[in-house]
Amino acid sequence: MASETSDSRARAEAVASFQIGNYKLAVRLLPPVLARHPADVLLLRLHGMALVRAGAAADGVPYLAQAARLAPGDALSATWHGIGLHSAGHHAEAARALQTASALAPGDPAPLIHLSRALLTLGQPQEALAAARRAVSLAPRLLDAERAARLSELAVLQATATTTPAALAEAWLALGRICMRLDKVMDARAAFTEALGLQRLHPEAACELALVEHLCGQPMAATARLQVLLDREPGCLTGRLALASRLLLEDGAAAALALLDAATPADGALRAHWHAQRTQALIGLGRDEAASRELALAERHRLPELELLLTWQRFVLARRLGRPEAAVFADRVTRLATIREAGTLEQRIDAHFDLADLARLEHRHAAAFEYVQRGHALLRAAQPFSRLEHEQHLGAIMRSFDANRLANGARSTAGDPAPVFIVGLPRTGTTLLEQILSAHPMVHGAGERLAIRETLVRLTGTTGAVTATTRAASLDAAALTAASADYLAELHALAPDAARVLDKMPDNVFQLGFIATLLPGARIVCCTRDLRDVGASIFQHRFIGHHPYAHDLADLGWYMAAQQRLLTHWQSSLPSPILMLDHADWIGDFDATLRRVLAFLDLPYDAACERFFEQDRRIGSASRAQVRRPINADGVGRWRLWAEQLAPMLHELPR
C-alpha cells in the first residue's frame, strides 16, 4: 500500500510539473514513473511533449510515436505526435499525422492549426490557408486559429507577384496584433518591424512597436518613437494615447492629461480608451471626484479589453474613500488579471505587481510573492534571458580587459576627475548614494546616462556585446583621447559649475574596463548589499527597463553570482580608483560613511548631504520613495519573509 501511495504521489508530481509548464522538471520526474508504467499512453505523451518543449524534439518523438501506436483512435495522441514531428523537422510526416488527427476529431481545430503550420513549412501556403480557415470556422474566437490564418494569408500574399507593399504591411500589422493578444511579444515585435520596413511612416505600426519596445525594456526608445510620430502627425489619436500611457508609467500624470486634452477622439473605441487614460491621469493627480466622473464615461462603452483597467480604477477610488466594495473590486481584478481578453499584456503585468503591493501592505506575504511570480511569468515572454550569452559576454570582458591590458595598454590622455560612475545591482543603494551626493553643492546627479554605451557603439561600430568589448580593448590612444574629449564636453555642458558629475547607469559595470581607458581620471563607486536582500527586492519590483535576468528566481541568483565574479575581476585589475560601499555602512554609521565617500571623491564635507531626503529632484528609479526618507533598516533581512519561495535563487548564490 505504501509503495502504491508513493507511486501515485510521484505520478501526480510529474503530471503537475508538466501542467504548470515546468518542462525541464517534467523531463526529470516522468522517466522513473514511466519505467514502472511503460505502456501508459498519458505518461508517454507527457514525457514526449516535455522533451519537445524543453528543446529536445528528436528525443521526444519516439515517445509520442509510441503513444500514437498504443492509442490508434486517439486524436490527441495523433496531434501531439504531429507537433513533435514538426518540431523535429519532419514536416511531411507531421502533416500526415495531423491529417489523421483531424479525421479522428473533425470538430477539433487544434490538428488543423498545427497542420497549417506544417504545410506552410512545406511551402504550400494555399493548402495551409485552407486548413487554418477550417480551424477558424470551427472556433471563430480562438486566437491560435486566427494567428494560423494570418500567417497563411501573409504567405499567400508574399507568393503573389501583384501584392503591394501597403497590403503586405497591413498583413504584418494584423499578424503582430494577434501575436500580442497571445502574449507572443517577440513574434509581435518582428511583425511590427516588418510592417514599418515596408511602410516607414505607418502610424499604427509605429504605435504598436513602441508599446512592444516598452515591454521589452526599452522605454526611452518607445517614447522617442511616439514623439517622432506625433511631431510628424499631431492629429494621430492612437499615438497620443500610446504616449500618454508611457507618461503615466513614469509618474507623468500632468503631462499625460495635457497631451490627452489637446485632442478629443470622436465616439467609439478610441474615445473609450481616451476616457480610461484621462481617469488614470486624474487618479495620479489625486483628483478623485473628476476621476470618478471620467471613469463612468469610460464604462459606458463596455469594451471587454478595458475591463481590467477600469476595474482597477474602481478599486483605487473605492479604497481611497474607504468604501467596503473595494474588496469586491480587488477580487475582481485578481480574476481579470489572468484573462487575456480583459486587458493588454502591460495592464495584466501591472495588475499582478499592484496586487502584490496591496498584499504586502496587508502583511499577506505569501500572496504577494505569488502575484509577483505571475507578473514575472508574463514578463519572461517580452524579456527572455540566456545564461550562455551572458557568460560569453563576461568572458569577453575579463579576457579583453585583464590586468595587463588595463595597466600597459592604450588609454586616453584625459585626466579630468569630474566623471563619477556609480555601479551596482538594482536595489543595492545606487539611487540612495546619488541622492546623498546630489545634495552637495559641488555635485550634479545626472541619473542613468546612455553616454558610455553610445560612445562604445560609435567607436566599435556594433551593438553586439561581445564584439564591442573585443574591439574596445583594441582602440588606440588617439581614438580614445578624441572620444574622451567629446564625452567630457557633453558631460560638463550638463552642469558647467559642478566639480563632480554622477552617472548611475547600472550597465556601466560591464564597461568599467572601457571607462578606465576612456576616462582615466574617473572615479568608480560600487554599491553592494546582502545578495539575499537584493534578490528578494529585485523580484518584488517591476522595473521599467531591460532586466531579463529578474523574471526567474534561479536566473536571478545565477546573475547576481556572476556579477560578483565580475566585481572581483575589476577589483584586482582596474587601475582607476574604485570604492566598495555596502548598504549596511550607511545604516551602521552614516556620518563616517559620508565622510569616507566625500574623501574618496576629493570633496569637502557639506552638511546638506545629511538632509538628502529633503531634495525635490526627479528620480527615475524604483527607489524614488525610499530615498525621500531618512536612512533606515527597513529592508534588512526582509528576504526571510520569503525564504522558502526564494530557494531556487538562494541555491545559485555563492555560499
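I started with F421, whose bridge partner in β3 is D503. This is a predicted model, where local features need pLDDT of at least 70 and side-chain atom pairs count only at pLDDT 80 or more, while totals for chains, interfaces and linings use all residues. Residues are numbered from 1 along each chain as its sequence is written, and side-chain values use heavy atoms, with hydrogens and water left out.

**Entry 1, the sheet.** I looked up how β1 and β3 are joined. Strand β1 (residues 419-423) runs parallel to strand β3 (residues 500-503), and three bridges join them. For my own reference, two strands pair if DSSP finds at least two bridges between them. Helices (H or I, at least four residues) and strands (E, at least two) are DSSP runs, numbered from the N terminus.

Then I followed the whole sheet. It is open, has five strands in the order β2-β3-β1-β4-β5, and the pairing is parallel. The edges are β2 (443-445) and β5 (578-582), each pairing on one side only. On average, neighbouring strands are turned by 20° against each other, direction ignored; the axes are lines fitted to C-alpha atoms, and angles run from 0 to 180 degrees between N-to-C directions.

Is S576 buried or exposed? I found S576 in the loop between α30 (553-573) and β5. S576 is buried, because its relative accessible area is 7% (buried means under 20%, exposed over 50%, partly exposed in between, with a 1.4 Å probe and protein chains only). Leaving out residues up to four places away in sequence, S576 touches A516, P520, A522 and I524 (contact means heavy atoms within 4.5 Å).

The whole structure holds two cavities of 30 Å³ or more. A cavity is a set of points on a 1 Å grid over the protein atoms alone where a 1.4 Å probe fits but cannot get out, and lining residues have an atom within 4 Å of a point. Grid points are joined across faces, edges and corners, and a volume is the space filled by probe spheres set on the points.

The largest cavity has about 40 Å³ of space. Its lining is H376, L379, H541, R542, F543, H547, A550 and H551, which I sorted into three nonpolar, four polar and one charged (Ala, Val, Leu, Ile, Met, Phe, Trp, Tyr, Cys and Pro count as nonpolar, Asp, Glu, Lys and Arg as charged, and the others, Gly among them, as polar).

The second largest cavity is about 30 Å³. Helix α26 (residues 465-473) gives the most to its lining, with three residues. By class, that lining has six nonpolar, two polar and no charged residues.

Methods:
1 Å grid on protein atoms, 1.4 Å probe; cavity = no way out; pocket = protein on both sides within 12 Å on 5 of 7 lines; lining within 4 Å.
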